[in-house]
Amino acid sequence: MNSRGSTNRLSSTSNFRSRMSFLMLSMFSTMAALYVAGRLWLDSENRVYLIQELDRRTGQGRSAISVDDTLKIITCREQQKRLTALQMELGKASQEGFVSKHLLDNNERDSKKKLLAVIGVSTNFGNKKNRDAIRKAWMPTGPARKKLEEKGIVIRFVIGRSSNRGDSSDRAIDDESRNSDDFIILNDHVESPQEQSKKTKSFFAHAVEHWDAEFYAKVNDNVYVNLDAIGAVLASYLDKPRAYIGCMKSGEVFSQPEQKWYEPEWWKFGDGKSYFRHASGEIFAISKALAQFISINRSILRSYAHDDVSAGSWFIGLDVKYADEGKFCCSSWSSGSVCAAA
């Protein structure tokens, strides 16, 4: 009898301690989640102000706010989404007694900060003077470039290989790349004016496979870029998951070989010989989903004579936001413009 009573008392004590441990764990997880939510909520007024400031300035065509401010706004918007998700997790935690998933993976998520943009400057073997001019004018070098990348913008020159693999042209690019560390060298692409469309396609595929960014932009090496302006414009399209941004145009398809912009496959564009709507090739940007589409389907995407037409053809039939952005029109410089042609 005494043994049975002793066993019951031990069992009751064990159950009591188990319930107390469960209760303490629930209280701790709820308090920790409330602490994180409180910290995120402290800067809410600043977030609202920054977002409104971006909308006000970009909407009035004034000089864009800085890259720093743009990236702060992006961070604030991400934190707002996290706060909403965290509040939902709090409700579940209070009912189930589980530690919030957001608390467990918070450090891991923060360590993988998403870039705003990867910008590829298309260049060729004979354009070293252009590259040097870009480095002096708008593309940071050395520590300044690293700092820009930490803020969320990566810039690289993009070039292929010589048809005579390993010749003086290839060696010169390899030497320049070792000194500057600012190239994407497409080893599987042969550099040629007639292969520009394939080069652009290879760049987007390479970039999306190596960097996690919101946007990927292609720029010619005779274009001046305002980094503050492009950052502000791209940030305004963050809520568009499949954005195709540029100075949209269309025009005549040239069918005669002696014409400058001759299109060998002119007959595919109908009797009217007019191109479909597409962004100018001087500079345009696409969101990550479209870059991934190019990467996955690169082997079956058609390349026409000109890379701007080719890029436009890749998105026909897709649910894409065509953004005819006047600030991407490099021929007419104005306050807040993204680019200017050299």
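Is valine 233 buried or exposed? Select valine 233 and find out: at 4% relative accessibility, valine 233 counts as buried. Buried means under 20% relative accessible area, exposed means over 50%, and partly exposed lies in between, with a 1.4 Å probe and protein chains only.

**Before moving on**

This is a predicted model, in which local features need pLDDT of at least 70, side-chain atom pairs count only at pLDDT 80 or more, and totals for chains, interfaces and linings use all residues. Residues are numbered from 1 along each chain as its sequence is written, and side-chain values use heavy atoms, with hydrogens and water left out.

**The whole protein**

Zoom out. The protein has 12 helices and nine strands. Helices (H or I, at least four residues) and strands (E, at least two) are DSSP runs, numbered from the N terminus. Of the 342 residues, 43% count as buried. Among contacts with a separation of 6 or more, 76% come from residues 24 or more positions apart.

**Stop 1: helix α10**

Select residues 227–235. This is α10, and eight of its nine residues are buried. They are Leu227, Ala229, Ile230, Gly231, Ala232, Val233, Leu234 and Ala235. Look next at the N-terminal end, which asparagine 226 caps. A side-chain oxygen of asparagine 226 lies 3.1 Å from the backbone nitrogen of aspartate 228. That is a polar contact: a pair of N or O atoms within 3.5 Å; within protein, one must be able to donate a hydrogen and the other to accept it, and residues adjacent in sequence count only if both atoms are side-chain atoms.

Return to valine 233, which is found in α10. Leaving out residues up to four places away in sequence, valine 233 touches Glu325, Lys327, Phe328 and Val338.

**Stop 2: the β8–β9 loop**

Select glycine 326. It sits in the loop between β8 (321–324) and β9 (339–341). Glycine 326 is partly exposed, with a relative accessible area of 46%.

**Stop 3: serine 287**

Select strand β7, residues 278–287, and find serine 287 in it. Serine 287 is buried, with a relative accessible area of 3%. Not counting residues up to four places away in sequence, its contacts are Glu214, Phe215, Lys240, Pro241, Arg242 and Ala243.

**Stop 4: α9 and α11**

Two packed helices are described by the angle between their axes and the distance between the axes. Select α9 (residues 196–210) and α11 (residues 288–297). They pack at about 115°, with axes 8 Å apart. Axes are lines fitted to C-alpha atoms, for helices over the stretch in contact, and angles run from 0 to 180 degrees between N-to-C directions. That makes α9 roughly perpendicular to α11. Show Lys201, Phe204, Ala205, Val208 and Glu209 in α9; they meet Lys288, Ala291, Gln292, Ile294 and Ser295 in α11.

**Stop 5: α6 and α8**

Which residues of α6 meet α8? Select α6 (residues 128–137) and α8 (residues 168–180). Lys128, Arg131 and Arg135 in α6 meet Ile173, Glu176 and Ser180 in α8. The axes come within 13 Å and cross at roughly 10°. The two helices are therefore roughly parallel to each other. The cut-offs are under 35 degrees for roughly parallel, over 145 for roughly antiparallel, 65 to 115 for roughly perpendicular, and oblique for the rest.

Definitions and conventions:
Contact = heavy atoms within 4.5 Å.
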